[in-house]
Amino acid sequence: MSEPVVRIENVSKVFRQGGLFNRAPGFKAVSNVSLNLAKNRTLGIVGESGSGKSTLLRMVLRLIQPSEGRILVNGAEIWSLRGGELKALRRQVQPIFQNPASSFNPRQTIRAILSAPLEVHGIGSVAERRERITTLLRRVGLDPAIENRLPHQLSGGQKQRIAIARAVILGPSVVLADEPTSALDVSVQAQVLKLFADIKYDFGLTTIFVSHNLAVIREVSDEVAVMRRGEVVEQGEADRIFEDPQHDYTRELLAAVPSPAFMARA
Amino acid sequence: MSEFRPHAQGAARPALAIRDLTVDFQRRSGALRTVDKVSLDVWPKEIVGVIGESGSGKTMTALSAMRLLPHGARIGGAIALGGRDLVDIGESEMRALRGDRIALIPQDAMQSLNPTMRVGRQVGEPYEFHRKQSYGAIWSKVVELLRAVKIADPETRARDYPHQFSGGMQQRAMIAMGLALDPELIIADEPTTALDVTVQARILKLLRDIRDERGSAILFITHELGIVAELCDWVYVMKDGKVVEDGPVKRIFEAPKADYTRMLLEATPSIHRRKGAKR
């Protein structure tokens, strides 16, 4: 097997609690997690609130520094990178967040939002950028005329399509999605998940998808990690996790999902 | 058109009957109709689900029955609680019914609890308001109610403030408040949407137990098909302010008649199967 695209080695994160004179032991949000992810695979991380799934994702995004352990993307330890190498990493790893309304600048047009990453990385002329934005808007199923609108003029589903477009506009190898569909109606969610899968295939992406929704995780993931209180209690191939869960907590989670036996046959 | 409805058998009349309900909002551009000629019944001891996506009018329908619509809403049609009209009665009469014969369990318990009042005092409010009972009598009932919704150590926890409760416990406290006076109808508006699945499973079980033990009818508003399938006896599917179909839960899932219902079933991911979204 080739070198994993994302390698998480014994990563922990402790958040300090208490003030200057009150050194509480701290809260361990992520505890000794190791995961590897091969090229073109999707890892689903599932857990309830407080399980540490979002903290883990934010560490891979290099937004939070691990207290212990290492995270490697394409073989490079992300906290050792500086300058040009770091900028290259930023190009390689892109996020999609949960709440599309708060992940865009409300005063920027869609064109400005999509153009910003290209400008930061100095890619293309003005005309080339426009061309790229138009093509990409079509690819995510939107009318290119939408580029003149502001985020609040778009529906939730349209905003998540823009979020997907922004995530892939720099041609990344890794996309990290944190509950990207949990604010959407099921019919819109289905369309966005379909788009996500198509884009993943077309752009050859390796993805991590975090959700509390087990059914969504089943739909998008090749492999699954189940988290509880900062620890990965079980990981493995998605079908195996859902059809033959080994850990008691995984079983409890699956049993708690409201879904009657007669839906299983569909 | 008449599918067999077990809860309607032998019952004199529905706990809640809504006929041709319309809810309009006056806008500069003209009237906006959010509920369009909706008719639905909830029979005694029946758990009825109303499922729809955002903007389908499901919450407006529920709020109409509580007469808690936002300011400026115009309501038409008929709503009857156990045969008693709810549309034309005055606000003071409605206040006498709310919390007593019809109770609401809202979506976000934290938003609904007063952060400066102890939980027990709030759970006891229906007794204070409707029954004017003594403090001591109310307190013992509050403890009993908190025990009924399975809050451990209710004597102590009744003295807690809402922020000392977890999300699941807050929702249990709201349910306890709803149960206080044994209403004939409980309206639950997405009461588990903000909760983790394991907590949700326990709340759904609690609602089922309440129906079984106390015989309350429950109108359950949700956007999740899984919950409807697990909890409800009968379901109304709403879209754009209209009921597109209704029927027994099993039939709706196995042989949906409306295209919209079929689309919803199709769009809902399931833990039991994996569909084409992955390539």
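Me: In which sense do strand S7 and strand S8 of chain A pair, and over how many bridges?
Reply: Strands of a sheet pair through backbone hydrogen bonds, either parallel or antiparallel. Two strands count as paired if DSSP finds at least two bridges between them; strands (E, at least two residues) and helices (H or I, at least four) are DSSP runs numbered from the N terminus. In this predicted model, S7 (residues 174–178) and S8 (residues 206–211) of chain A are parallel, with 5 bridges. Leu176(A) lies opposite Ile208(A) of S8(A).

Me: What numbering and limits apply here?
Reply: Residues are numbered from 1 along each chain as its sequence is written, and chains are lettered from A in the order in which they are written. Local features need pLDDT of at least 70 in this predicted model, side-chain atom pairs count only at pLDDT 80 or more, while totals for chains, interfaces and linings use all residues, and side-chain values use heavy atoms, without hydrogens and water.

Me: What is the strand order of the open sheet of 6 strands?
Reply: The order is S6-S7-S8-S3-S9-S10 in chain A, with mixed pairing. S6 (93–96) and S10 (231–237) of chain A are the edges; each has a single partner strand, so one side of each has no neighbour in the sheet.

Me: Which strands does helix H2 of chain A touch?
Reply: Contact means heavy atoms within 4.5 Å. Axes are lines fitted to C-alpha atoms, for helices over the stretch in contact, and angles run from 0 to 180 degrees between N-to-C directions. H2 (residues 83–92) of chain A packs on the sheet, touching S6 and S7 of chain A, at about 45° to the direction of S6(A). Helix H9 (residues 248–256) of chain A touches S9 (223–228) and S10 of chain A, at about 95° to S9(A).
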